[in-house]
Amino acid sequence: MMLPKAVLALVLVIHSFPATASPSPKSESRAENPIEISIEIDLRNNKLKVLDPEHNLLKTYPIALGKIGTPTPTGDYVVINKYKNWGSGFGTRWIGLNVPWGTYGIHGTNRPHSIGHDASHGCIRMLNAHVEGLYEWVKIGTKVSIPGHVLGELHQPPRRLAKGYSGGEVLLLQNRLRAAGYYAGPCNGRFSSSTELAMKTYEKEHDLPIDGVLSEHDYVALGLVE
């Protein structure tokens, strides 16, 4: 059957303009997230929590944390850099934090079996698929809170510290030695030669074993533990 010329023209016009495709979920997931989020690390349960500005929970991810000898640093930090495929062992994404005594961050892993355990050198490990999603949420300046005692879990003895170590406990030691008049160097969380010398001076004047190592008796003498 022959179509009228007017109808035929309308059909040709419609077919000459392709339909506009709706954005796919994949494209939407890569868009800039308009919500200002913050991150909280649950050290006790090995979880990373994504929170909205009212502190409502948006998302929870399982994570791996630092081992007893290389704990994840407690405190309040911010994101200072973001990289894709930063290096071997860091998975597909890196989110760096402004920890003053070392390079720490939230990153992926090539050891997915470690997630849920205390297995890292202090960084926060995530499954690659999870950190890729988180990467799209965070921006430079995103707040990351890691609540906890600087000396670690109450049921665990504090770390034995010596020259070359770093961490919140070292920062605590430096501040305590400075307040007591034994240390004049920078309080930066790095156990340097000047920290060791101040430790030895303190030990000598308090009849403690003079080795420059922060051991249990030093913790007690300095009033860091009871």
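Contact here means heavy atoms within 4.5 Å. The structure is a predicted model, in which local features need pLDDT of at least 70 and side-chain atom pairs count only at pLDDT 80 or more, while totals for chains, interfaces and linings use all residues. Residues are numbered from 1 along each chain as its sequence is written, and side-chain values use heavy atoms, with hydrogens and water left out.

**Confidence**
- The protein chain has an average pLDDT (the predictor's confidence in each residue, from 0 to 100) of 86, and 85% of the residues score at least 70.
- Over residues 1–31 pLDDT stays under 50, and the model has three contacts for them beyond four places in sequence.
- Where pLDDT is low, the predicted coordinates should not be read in detail.

**Tyr 104**
- Tyr 104 lies in strand S7, residues 104–107; strands (E, at least two residues) and helices (H or I, at least four) are DSSP runs, numbered from the N terminus.
- Tyr 104 is buried, at a relative accessible area of 11%; buried means under 20%, exposed over 50%, and partly exposed in between (1.4 Å probe, protein chains only).
- Leaving aside residues up to four places away in sequence, Tyr 104 touches residues including Pro 71, Pro 73, Trp 94, His 121 and Cys 123.
- Gly 122, another of its contacts, is 18 residues from Tyr 104 in sequence and 6.8 Å away, C-alpha to C-alpha.

**Helix H4**
- The buried residues of H4 include Val 170, Leu 173, Gln 174 and Leu 177.
- Helix H5 (193–205) and helix H6 (216–221) are among the elements that cover them.
- Gly 181, which follows H4, has a positive phi, near 90°.
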